[in-house]
Amino acid sequence: MHLAVIPARYASTRLPGKPLLLLKGKSIIRRVYERVDSCAAIDKVLVATDDRRIHEHVASFGGACVLTDKAHRNGTSRVAEAAAAYPGAKLVINVQGDEPFVDPVDLERLCACFEDPGTDLATLAHPITNERALLSPNVVKVALAESGKALYFSRHAIPYLRDVPVGRWIDERKHLQHVGIYAFRAAVLPALVKLPTTDIEQQESLEQLRWLGAGYAIQVAMAGSIGMGIDTPEDLLAAEAMLAKE
């Protein structure tokens, strides 16, 4: 069984109650849930939350939801708690609860990484074509080996193009943006959440560096789109505009 878990917290500094905010008549969390549920590669979708309001809302539209511990330090540990109740799951896919435009086809590409029995973790990336994104520390970049496995993730533009002026880097089309959706073999997930934090993880503020540092390989598939996370009121307005175009 392929299990998709959507971690959703009510508390948000910049956008309180974010999962329950409406986009063209539907909550953000419902839009994420329905997109994920439409993916043919996924057998079960589950919201993992620490708030009864979200739990009740998901139940109201017929979705599956579980209440998890409020003390989780990140979404991955919340996903691991929820997944532990499904021992039949072979893959666990972590989809952020603020990604209402997540592409079901990209989720299929992610799951396809596990056709290789050597894959324990996988994620997505997309070519960067915008210079502002290339230079922004809020956009995470990933450098890959020839095998498609991640070598490193950074908030800095990587790789460094030594013989090309920085102002021309975007023309080279050499950089990839990390798309923050993960899939794990279910047997690996409990070990990942027990790993201690590392200096490099804290310096970049990127959890996946903890996994790389512990020796886990992360396979990267190419996404068809970057998607759009909602973190601010401005993001909400932009998402409404995107839905209007659709």
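This is a predicted model: local features need pLDDT of at least 70, side-chain atom pairs count only at pLDDT 80 or more; totals for chains, interfaces and linings use all residues.

Analyst: The chain carries 10 helices and 11 strands, and 49% of its 246 residues are buried.

Now the rings. The count comes to five aromatic pairs. Take Tyr33 and Phe61: their ring centres are 5.5 Å apart and the planes meet at 75 degrees, and since anything over 60 counts as edge-to-face, that's what this pair is. The two come from distant parts of the chain, 28 residues apart: Tyr33 belongs to helix 1 (residues 28–37), while Phe61 sits in the loop between helix 2 (52–60) and strand 5 (65–67). Both Tyr33 and Phe61 are buried.

Phe184 and Trp211 make another pair, with centres 5.6 Å apart and planes at 80 degrees, so this one is edge-to-face too. Phe184 is in strand 10 (residues 176–185) and Trp211 in helix 9 (residues 208–213), so the pair ties together parts 27 residues apart in sequence. Again, both Phe184 and Trp211 are buried.

Next, the nonpolar surroundings. In soluble globular proteins, nonpolar side chains tend to be buried together. Here the largest nonpolar core has 70 residues, and Val36 and Ile93 are the ones with the most contacts inside it. Strand 10 gives this core its largest share, six residues. As for Val36, leaving aside residues up to four places away in sequence, its contacts are Ala4, Ile6, Ile42, Val45, Val95, Val102 and Leu107. Another core, of nine residues, lies apart from the largest one, and its members include Ile128, Ala133, Val164 and Trp169.

Finally, the overall shape. A compact globule of 246 residues would have a radius of gyration near 18 Å, and the chain has 18 Å, so the two agree. Along its principal axes, the C-alpha trace spans about 55 × 40 × 35 Å. The chain exposes about 12000 Å², with carbon and sulfur atoms supplying 51% of that.

Key:
Residues are numbered from 1 along each chain as its sequence is written. Side-chain values use heavy atoms; hydrogens and water are left out. Rings of Phe, Tyr and Trp (its six-membered ring) pair if their centres lie within 6.5 Å; planes under 30 degrees apart count as stacked, over 60 as edge-to-face and the rest as tilted. Helices (H or I, at least four residues) and strands (E, at least two) are DSSP runs, numbered from the N terminus. Buried means under 20% relative accessible area, exposed over 50%, partly exposed in between (1.4 Å probe, protein chains only). A nonpolar core is a set of buried Ala, Val, Leu, Ile, Met, Phe, Trp, Tyr and Cys residues joined through side-chain atoms within 4.5 Å. Contact means heavy atoms within 4.5 Å. The radius of gyration is taken over C-alpha atoms; the globule rule is 2.2 Å times the number of residues to the power 0.38. Accessible areas come from the Shrake-Rupley method with a 1.4 Å probe; for residues, only the protein chains shown count as cover.
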